[in-house]
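Please read the following note with the sequence and the model side by side. The points are numbered so that each can be checked in turn.

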Amino acid sequence: MTYQLIQIPQGGEAIRFAEGRLQVPDNPIIPYVEGDGTGRDIWRAAVRVFDAAVARAYGSRRKIFWMEVYAGEKSFRQFNTWLPDETLRAFEEFRVGIKGPLTTPIGGGIRSLNVALRKALDLYVCLRPVRYFKGVPSPVRQPELVDMVIFRENTEDIYTGIEFQHGTPEAERFKALLREHFPDQFAKIRFPETAGFSLKPISVQGTERLVRAAVRWALENRRRSVTLVHKGNIMKFTEGAFRDWGYALAKREFRHQIVTERESWILANREQNPDLSIEENARLIEPGYDMLPPEQQAKVRAEVEDTLATLWSTHGNGQWKRLLLVKDTIADVTFQHVLTRPRDFDVLATPNLNGDYLSDALAAQVGGIGIAPGANINFESGHAIFEATHGTAPKYADLDKVNPGSVILSGEMMLRFLGWHEAADLIIKGMEGAIAARTVTYDFARLMPDATEVRCSEFGDAIIRHMDD
């Protein structure tokens, strides 16, 4: 493709995608958006870290050719558009990119530049790993137990943006539709005359591709479990369906590699007592079994019988213990248990809103959003944009002050996505070394005794130095 605003660097090649895999040359062209506000500072620090890691890992054999593309305030000032079509085309053509934080335009048009990019490229997974670096200040007692990866669905749920503002003709038409065609549902609205409305679509396809990506990633990375996080006890036909469709997908496509939590209970009960009857097993896996109506009791017994009949030969006698465990938890319970029993969680797959809340809450346990990395990925096409997960913090712009950790660790994720694991490992080594030496930016220095406060650029220097430790 030809570009008017973007300069394609000479000597680099585009990343391709074939037969379900990225084809990464040794000289890939990587589009980047430096970001608004503090984005300029953190990008300058981060790109030096990326280049140093690649050079140390591969010498002159590999090199990233960085290509600036435009979005946000810089784009608006230069080209009078917040998101040029060329930027979307570049991310599409060159497949993998990285960006800093972007301002959300005030007024009409684009609600969020980040959401616009995700929708345009169908980046249906928001991938947020959360891990602890020794020495980082934390509000919890044992932050080192936190090692989780969140797969947040990125295209559905209330983020679809289907809303009706109170007092508008659109809201009145929507209420009239409900009143006429769904009177029972309309009757549930406590104050219909002053209510705004938002729709929450969750689909089979959207759920299945997210859960498929989470399970596949967990298997490839030898993780222990995948937890489906939902509020299905209240939203039965959206988040409850997310849970049911997720389980069905996992059992259908990964049957010999996974076991569900309830299946593991059934199998373990048989292993502990081979003479256990179907009904006795049902009582053990279902609290309150004796209080259930007969038809529900029959369903539980059928579940036990089917599990033993179909899985005993492949999963019984302890074989299930070597498999990936797929389970589910209610969203509010999850928020409690990631604090009180973080060891129970590994990979979490969630609808959009739950994942938004959970990602930032978990980041706070291990040092805050300032070092929380993130990525938006379409695993079916290979398109991915890695990004700083925090805001633009304009009052600190161009002061060389803020922590660049979020975008640096997002770049580490990007290198790993490319298969450049040696360079990614060096970034982790450098980050661990700098933090252990207490050479940190102001956000950490004010909370760490005997810390040496350094500037944003100097923190990047410290990471590079500690790559050689």
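Predicted model: local features only at pLDDT ≥ 70, side-chain atom pairs only at ≥ 80, totals over all residues.

1. Residues are numbered from 1 along each chain as its sequence is written, and side-chain values use heavy atoms, with hydrogens and water left out.

2. The largest pocket has a volume of about 1,300 Å³. Its lining comprises 41 residues, of which Trp217, Asn221, Phe379, Arg416 and Phe417 are the closest to the centre. On a 1 Å grid over the protein atoms alone, a pocket is an open set of points where a 1.4 Å probe fits, with protein on both sides within 12 Å along at least five of seven lines; lining residues have an atom within 4 Å of a point. The volume is the space filled by probe spheres set on the points, which are joined across faces, edges and corners.

3. Among the elements that each supply at least two residues of the lining of the largest pocket are helix 7 (204-220), helix 14 (405-418) and helix 15 (421-436), together with strand 6 (125-131) and strand 7 (147-153). Helices (H or I, at least four residues) and strands (E, at least two) are DSSP runs, numbered from the N terminus. By class, this lining has 24 nonpolar, 6 polar and 11 charged residues. Here Ala, Val, Leu, Ile, Met, Phe, Trp, Tyr, Cys and Pro count as nonpolar, Asp, Glu, Lys and Arg as charged, and the others, Gly among them, as polar.

4. The second largest pocket has a volume of about 740 Å³. Of its 17 lining residues, Leu178, Gln185, Lys188, Ser198 and Leu199 are the closest to its centre. Helix 5 (169-181), helix 6 (183-186) and strand 9 (197-198) each supply at least two residues of this lining.

5. The largest nonpolar core has 93 residues, and those with the most contacts inside it are Trp66, Ile98, Phe151, Phe386 and Met467. Its largest share, 11 residues, comes from helix 1 (residues 39-58). Another core, of 20 residues, lies apart from it and includes Tyr3, Ile29, Val69 and Leu121. A nonpolar core is a set of buried Ala, Val, Leu, Ile, Met, Phe, Trp, Tyr and Cys residues joined through side-chain atoms within 4.5 Å.

6. The side chains of His315 and Thr314 are joined by a polar contact of 2.6 Å. Such a contact is a pair of N or O atoms within 3.5 Å; within protein, one must be able to donate a hydrogen and the other to accept it, and residues adjacent in sequence count only if both atoms are side-chain atoms.

7. Ile64 lies in the loop between helix 1 and strand 4 (65-68), and it is buried at 4% relative accessibility. Not counting residues up to four places away in sequence, Ile64 is in contact (heavy atoms within 4.5 Å) with Pro28, Ile30, Val54, Leu415 and Trp420.

8. Glu19 is not a glycine, yet has a positive phi of about 55°. Glu19 is exposed, with a relative accessible area of 83%.

Technical notes. Buried < 20%, exposed > 50% of the residue type's maximum accessible area, 1.4 Å probe, protein only.
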